[in-house]
Amino acid sequence: MDKEKIGELKIQLQQLLSEAREFVQQIPPVQLYAAIGVVLFTILLFLILRLLKRRSANTILLTGLSGSGKTILFYQLRDGSSHQGSVTSMEPNEGTFVLHSEASKKGKIKPVHLVDVPGHSRLRPKLDEFLSQAAAIVFVVDALEFLPNVRAVSEYLYDILTKASVVKKKIPLLLLCNKVDKVTAHTKDFIRRQLEKEIDKLRASRTALSSADIANEYTLGVPGEAFAFSQCHNKVSTAEASGLKGDISQLQQFIREYVEP
């Protein structure tokens, strides 16, 4: 763009500003202040509604690899039953209900919208359909068969923690180590440490890929430091459970931390 055209644009801009100034000066002060007040009130109302919408979210997502016990946990939360301990799901189990352990409590209790997302790799994209309304995510890990699946668990968890919808909303995530009633099950501390090590390897390999790989929207951790869940944009905590035994108190406590009764 040459200097002559830039000069013309400047003149036009000055004329527009001058006309706008004259227009504002012609408006009676009362009307002007009223208009400003309406704009400010509208902005304030919009912010309040967004805040209330975020606070009122009551959806908890159960996810993890197939066979980790998500669906049994879903039924334990809903009706206190393990359904004979062998349940698989190829479609999301979804329901809104008062937690079974709270059903006998007096007074009004806020129900929970619980979604059990299938763990099969082809069905995992269904998770994205519910993230916009999620108050929290429960990532279920099979504590009994953890080591043979550590790579697959880490990859799925890495993908969740780098999603823009999870990072921007800072959706809290619970690493729930299931089947801890078994003697050979790994502890939650061991599982957490191993996942941190594996994700650290993943982080190094994926950041080395070309920019054409856009599967992950955000990066994890602090450059130059070993990865730890404490570095995540969202809060990541760890708990234990036994779906078969109905020992889900830590899971229920996590749910009620983010969906107030």
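Which residue in S3 does Leu 62 stand opposite? Leu 62 stands opposite Asp 116.

## Basis of the model

This is a predicted model, in which local features need pLDDT of at least 70 and side-chain atom pairs count only at pLDDT 80 or more, while totals for chains, interfaces and linings use all residues. Residues are numbered from 1 along each chain as its sequence is written, and side-chain values use heavy atoms, with hydrogens and water left out.

## The sheet

Six strands make up an open sheet with mixed pairing, in the order S2-S3-S1-S4-S5-S6. Strands (E, at least two residues) and helices (H or I, at least four residues) are DSSP runs numbered from the N terminus, and two strands pair if DSSP finds at least two bridges between them. The edge strands are S2 and S6 (236–240), each of which pairs on one side only. From one strand to the next, the twist averages 20 degrees.

S1 and S3 are paired in the parallel sense, over four bridges. Helix H3 packs on the sheet and touches S1, S2, S3, S4 and S5; its direction makes about 20 degrees with that of S2. H5 also packs on the sheet, touching S1, S4, S5 and S6, and its direction makes about 170 degrees with that of S4. For these angles, axes are lines fitted to C-alpha atoms, for helices over the stretch in contact, and angles run from 0 to 180 degrees between N-to-C directions.

## Helix H3

Helix H3 spans residues 70–79 and is mostly covered, with eight of its ten residues buried. Buried means under 20% relative accessible area, exposed means over 50%, and partly exposed lies in between (1.4 Å probe, protein chains only). The buried residues of H3 are Lys 70, Thr 71, Ile 72, Leu 73, Phe 74, Tyr 75, Gln 76 and Leu 77. They pack against strands S1 (59–64), S2 (93–97), S3 (112–116), S4 (134–142) and S5 (173–178), and against helix H8 (249–258); contact means heavy atoms within 4.5 Å. Just after H3, Gly 80 has a positive phi of about 75 degrees.

## Aromatic pairs

The whole structure contains six aromatic pairs. Rings of Phe, Tyr and Trp (its six-membered ring) pair if their centres lie within 6.5 Å; planes under 30 degrees apart count as stacked, over 60 as edge-to-face and the rest as tilted. Phe 74 and Tyr 75 form an edge-to-face pair, 5.6 Å centre to centre with 80 degrees between the planes. Both Phe 74 and Tyr 75 are buried. Together with Phe 97, they form one aromatic cluster.

## Nonpolar cores

A nonpolar core is a set of buried Ala, Val, Leu, Ile, Met, Phe, Trp, Tyr and Cys residues joined through side-chain atoms within 4.5 Å. The largest one has 35 residues, and those with the most contacts inside it are Phe 139, Leu 157, Leu 173, Leu 175, Leu 195 and Phe 229. Two or more residues each come from helix H4 (126–131), S4, helix H5 (150–161), S5 and helix H7 (188–207). H5 gives the largest share of this core, seven residues.

Not counting residues up to four places away in sequence, Leu 157 touches Phe 139, Leu 173, Leu 175, Leu 195, Ile 199 and Phe 229. Apart from this core lies another, of 24 residues, including Leu 73, Leu 174, Phe 254 and Ile 255.

## Salt bridges

A salt bridge is a side-chain nitrogen of Lys or Arg within 4 Å of a carboxyl oxygen of Asp or Glu, and the count by this rule is ten. Lys 163 and Asp 128 meet in one of 2.9 Å, N to O. This pair links distant parts of the chain, 35 residues apart: Lys 163 is in the loop between H5 and helix H6 (164–169), and Asp 128 is in helix H4. Lys 163 is buried, with a relative accessible area of 19%, whereas Asp 128 is partly exposed at 40%.

Arg 151 forms a salt bridge with Glu 198, with the closest N and O atoms 3.0 Å apart. Arg 151 lies in helix H5 and Glu 198 in helix H7, so the pair ties together parts that are 47 residues apart in sequence. Arg 151 is partly exposed, with a relative accessible area of 37%, and Glu 198 is buried at 12%.

Within helix H7, Glu 196 and Arg 192 are four residues apart, or about one helical turn. They form a salt bridge whose closest N and O atoms are 3.7 Å apart. Glu 196 is buried, with a relative accessible area of 16%.
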